[in-house]
Structure formats: structure tokens, C-alpha cells
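Reader: I am new to this structure. Please take me through one part of it closely.

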Amino acid sequence: MDLKLDAVTHRYSDVDVLRDISLDIPSGKITCIVGPSGCGKSTLLRLLGGLEKPTEGAVRQVGSPPEGCLNALTYVFQDFALLPWRTVEGNVALVLEDHKLPDQAAIIADVLARTRLTDFAGALPKQLSGGMKQRVAIARALAVNPAVMLMDEPLSALDSQTRELLMDDLVGLWTKQPFTAVYVTHNLAEAVRLGHRIVVLSRRPGEVREIVEIDTALDERAHGDAGLEAQQQYLWGLMREEAAAADAELMNV
Ligand SMILES: Nc1ncnc2c1ncn2[C@@H]1O[C@H](COP(=O)(O)OP(=O)(O)OP(=O)(O)O)[C@@H](O)[C@H]1O
């Protein structure tokens, strides 16, 4: 299932947040959204997930969700959003319990194996590192076989080494079994490592400034790769002045 934004404009009372965004989110790819602070990245994700309706324009789902999909549009948040009193397995089970599936145990076993959490199935969130907690959140999202994972700064609460490891995990997961994701990030290194397409928004009201496609396969993008560095510099060049202006604007609020 693809998502399409047709001329989407969004406004909160007198604040214009997004302006005339037309965009395709193709299935089987990771689309990263980058842009200066406050340009409307999270708002765009909420519109894609149907949590809000655009002031103008439309968000469309094109095609059918994958077979066995229990929740077409599934979020992964920065703060993991795990229930502290439930084990790793219990947190994953939560999203399946209402569906009374005969193969619930097999689905849980599969997503725990894919996220390398099988040995931690009985652990509580407080026993896990930040990176592992985010792996649980990703396992929980995968368990419903979503059409699109909507990921809002999923690594930004983690230290830089853990971020690197989790990026490797996401690349491994996608390479074994491609999924569709919209991935909002401030971090351009994450965008060039994980994004098949990188949508650069202007400062608020966010408009599509440029879409950068990166053809190199995800598992061939190494940390520190010169080609990726160049892409990252290019993106920063697109954003630099607007990021500084957005920063100054926020300081004056
Ligand atoms: N529910 C809301 N009501 C009013 N204004 C809002 C609401 N949600 C967001 N905004 C405003 O809309 C603008 C865009 O916010 P949004 O969080 O989408 O931007 P962002 O690019 O994700 O920001 P950041 O880079 O800081 O994470 C901001 O000025 C924010 O204050």
C-alpha cells in the first residue's frame, strides 16, 4: 500500500504549519523526512497516520495493506511507549490480544527473533537498555504487519553508539524483509544511512524543498562512507540557512 499526499496544507488556528505538500510514500521503501526545527515534520506524520485531518488537500491510501495486516499505519515513538509492568513478550502481545489469533505465539516468536530479543522475552523494560527498549517497540510495530511504519525520531533518545547499532539493526531488518516506513529525523546521518528517499522540508510553513533519492543498497552503506558523507553535506547545504533562521525564531518566542 502506498500513501499519497495531494496538495496538503495544514494550519493550527493562525499558524501555517505545512503548505501545499504533494508527496508519494512508495511501499517497500524507507522515506525520511528532514527539515528545520518546527517545520511540521511530526505534523506531517500525524496527517499520514490519520490522527489529524489536513486543513486543505487529501491524504490517500493507494492499494491494499499486506496480508495479515492488523493495523495499517503503526507508530514507533522516540520514547518507546512500553508498559513497564509487562515483559518484552507481554508488550508485543498487547497489540495482538484483541485479535484472538491462533498463531499469536508464532508471530511473537518471529518478531522477537527478527529483532534479536528472543533471549529477553521474559525481561521487564526496566531491565533493558534504551536500545533494547526501542527494539521491543519495533518488534511490537512489526507484529501487526503494518502497511507503513510511522517513525518519529525513533533513535533520538539514544546515545550515539546505540544509535549506530540500531541503525545496523534496522538495515538488517529491512534487508531480510523489506518494510515501508516514513522516518522523521533531525539527524542527517540517519537519513542518508536509512533513507531510500529523503524529503527535505523548508522552514515553517513546511514545503517540499527537494527530494533526494539514494540508490545505494542499505546494506552497502557503511558508517563513514565518503559517498554518504557527500550526500549528508549536500542535505546540510540545503538546510543550513533555514535551520539557523528557524533556530533564531524559536529563541525569540
Ligand atoms: N496541536 C497543535 N496545536 C497548535 N500548534 C501546534 C500543534 N502541534 C504542532 N504545532 C505547531 O506546529 C509547528 C510544527 O510542529 P511539528 O512538531 O510538526 O514540527 P517538527 O518539524 O516536528 O518540530 P521539531 O523539529 O521541533 O521536532 C510548531 O510551530 C508547533 O508549535
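Which elements each supply at least two residues of the shell around the ligand?

Author: First, the ground rules. This is a predicted model, in which local features need pLDDT of at least 70, side-chain atom pairs count only at pLDDT 80 or more, and totals for chains, interfaces and linings use all residues. Numbering starts from 1 along each chain as its sequence is written.

Now the shell. β2 (15-25) and α1 each supply at least two of its residues. Helices (H or I, at least four residues) and strands (E, at least two) are DSSP runs, numbered from the N terminus. α1 gives the most, with 3 residues. Around the ligand stand Y12, V15, V17, G35, S37, G38, C39, G40, K41, S42, T43 and R204. By class, the shell has 4 nonpolar, 6 polar and 2 charged residues. Ala, Val, Leu, Ile, Met, Phe, Trp, Tyr, Cys and Pro count as nonpolar, Asp, Glu, Lys and Arg as charged, and the others, Gly among them, as polar.

Look at α1 itself. The buried ones are K41, T43, L44, L45, L47 and L48. K41 and T43 also belong to the ligand's surroundings. After α1 comes G50, with a positive phi near 80 degrees.

Key
A residue is buried if 20 or more other C-beta atoms lie within 10 Å of its own, exposed if 12 or fewer, and partly exposed in between; C-beta atoms are placed from the backbone. A residue is near a molecule or strand if its C-beta atom, placed from the backbone, lies within 6 Å of it.
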